[in-house]
Amino acid sequence: IFLIIVSFVTPEDAILKKVMIKNPDALCLDGSPAAYYILRGSDPSTIILYFDGGGWCGASDLALTIEKCYQRSKGDLGSSKNFNDTMSFPEGILSNSINNSFRQATKIFLSYCDGAGHQGYRENPITYKDTKLYFRGHNIT
């Protein structure tokens, strides 16, 4: 009787590290500094920019839109206060999987916290319920 031991080698997860954006105009809805995650790859000619989704905090009228943005500013889609120091991707386009054609690329994950699809810009915050709401997705990107 022969005993065959098979060892499955799984690809190492891609671990992206958080970088806080130092630009004072790149702010999440709640005014916290925005962040992105990066893993430098071995192929300097390939970069993947992955835009995190989150949906807009818009509504049918301005009053409801501001209320929705205010509510969003209290959570992870409107604040960087609870962002982890790293993000792990065991599979998919941001992974280091042997099945990923982009495994050697530099990977950048642009976190979503602006409420306007990474593109809003308003110079001055809106004050609502004694809270300042910043619309600076353009500056974050």
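At a relative accessibility of 0%, Cys28 counts as buried, where buried means under 20% relative accessible area, exposed over 50% and partly exposed in between, with a 1.4 Å probe and protein chains only. Cys113 is buried as well, its relative accessible area being 1%. The model is a predicted one, in which local features need pLDDT of at least 70 and side-chain atom pairs count only at pLDDT 80 or more, while totals for chains, interfaces and linings use all residues. Residues are numbered from 1 along each chain as its sequence is written, and side-chain values use heavy atoms, with hydrogens and water left out.

A disulfide is a covalent bond between the sulfur atoms of two cysteines; here the term is applied to a pair of cysteine sulfur atoms within 2.5 Å. The structure holds 2 disulfides. In one of them, the sulfur atoms of Cys28 and Cys113 are 2.1 Å apart. The torsion about this S-S bond is about -75°, so the Cys28 and Cys113 disulfide is left-handed. Cys28 lies in the loop between strand 1 (14-20) and strand 2 (35-39), and Cys113 in the loop between strand 5 (105-110) and strand 6 (126-128), so the pair ties together parts that are 85 residues apart in sequence. Helices (H or I, at least four residues) and strands (E, at least two) are DSSP runs, numbered from the N terminus.

Next comes the pair Cys57 and Cys69, a disulfide with sulfur atoms 2.0 Å apart. With 80° about the S-S bond, the Cys57 and Cys69 link is right-handed. Because Cys57 sits in the loop between strand 3 (43-51) and helix 1 (62-72), and Cys69 in helix 1, the pair ties together parts 12 residues apart in sequence. Cys57 is buried at 3% relative accessibility, and Cys69 is buried at 2% relative accessible area. Counting bonded cysteines along the chain, the disulfides follow the pattern 1-4, 2-3.
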